[in-house]
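Have the structure open and try each task before reading its solution.

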Amino acid sequence: MKKACSLILFLFTINCYSQKFDSLALEPPMGWNTWNKFTCNVNEELIRQAADALVASGMKDAGYTYIVIDDCWHGQRDSLGFIQGDQKKFPSGMKALADYIHSKGLKFGIYSCAGSKTCGGHPGSRGYEYQDAIMYAKWGVDYLKYDWCNTEGLKAEGAYMTMRDALYAAKRPIVFSLCEWGDNQPWAWGANTGHLWRTTGDIYHCWDCKKDNGGWYSLGVLQILDKQDGLRKYAGPGHWNDPDMMEVGNGMTENEDRAHFSMWCMLAAPLMAGNDLSNMSEKTKAILTNKEVIAIDQDPLGIQGFKYKTIDSVEIWFKPLEKGDWAVCFLNRKNVADGIEFDWKENSVTDSLFHKEVNFKAVTYKIRNLWLKKGQGTTGKIFKTTLDAHDVVMLRLSRQ
Ligand code: GLA
């Protein structure tokens, strides 16, 4: 009897501490991350200013919530092994910074790595997972991005489970963002472990290029987009494919930024802005805060969109939405403008994975152009439009 009770208690304890926090990230997380623009040049002033700018720019109002410090915030571990922030960069301490971010109605995110060192060479969490989770909980962290550098000998699934369990044991609900670049098919096991997982290597602010970093490559928007093929079945509320943080406002053209943003929304991707929020142009702001486009990303069904067909170099993407609505995005990959004539009635669309179907012969939809922010007739007529180079036309179809 005693043995049976101990066994039950043991299994109960394991079960209690072996899970991720449920009911977090039921929509793709939205926020801002330091890495794409500032790399290792982070400090408390920058983060406070970003939090202020997120509010002042209307981005908070549009749904952006998390302020995430990526690599290079770390100081050394103390004599007991607990991690400290870099005191020069963060003289007020991490807790004070978290408090400031929370006082703005925002949430605080931080970065670590499953390896012995982060990608930037700072102390990693290997062997310190539970201690790090305790510190994050003490500071008031709400989001952890967990990277995969310097992990020789580790198994990805197990290493990410360890941190998941450490976070759970520390008892503060924290969104867990797996950043293992898709090397070990995180989509196959990530839903039990975290709330989002990177599907590729790092993004670079170009439309269609690869950047050689000396042995490894960062990828342009189209390269990353193409790597999402086949992954939509793994995504849904609380567990998202992450095609990396955004490069909107970081040097591409306005058309490219708009197309990049639109496609991330069609993918139900996490929307982590990666630009300088304190110095952003009106055009960048207009892209990042288009609420009707954001609503496509944040749709409660949480179904990732799919490429329906390609005509010349124009891709046509569909995404099922709540209440029987659909998002449709025409993407011109080419370097020159193009035109498209799309006869809805010749294109009934079936999403066999999520059991959604649209039959334009049977049902007529109202069309709303989400960038022009106006109605454009119905699906009763052929849709004719021009597309600039590297640009999109994005529509929401609603039942009449
Ligand atoms: C890796 C990640 C990036 C960023 C850097 C930080 O490259 O994929 O997103 O976090 O590390 O060093």
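**Exercise 1.** How many residue pairs are in polar contact between domain 1 and domain 2?

*Solution.* First, the ground rules. This is a predicted model, in which local features need pLDDT of at least 70, side-chain atom pairs count only at pLDDT 80 or more, and totals for chains, interfaces and linings use all residues. Residues are numbered from 1 along each chain as its sequence is written, and side-chain values use heavy atoms, with hydrogens and water left out.

Next, the bounds: an automatic or database domain assignment gives domain 1 (19-297) and domain 2 (306-399).

Now the count. A polar contact is a pair of N or O atoms within 3.5 Å; within protein, one must be able to donate a hydrogen and the other to accept it, and residues adjacent in sequence count only if both atoms are side-chain atoms. Between the two domains, eleven residue pairs qualify, both residues being at pLDDT 80 or more.

**Exercise 2.** Find the number of salt bridges across the interface of domain 1 and domain 2.

*Solution.* Look for a side-chain nitrogen of Lys or Arg within 4 Å of a carboxyl oxygen of Asp or Glu. The rule finds four across this interface.

**Exercise 3.** Work out what area is buried between domain 1 and domain 2.

*Solution.* Take the accessible area (1.4 Å probe) that the two parts lose on being put together, summed over both.
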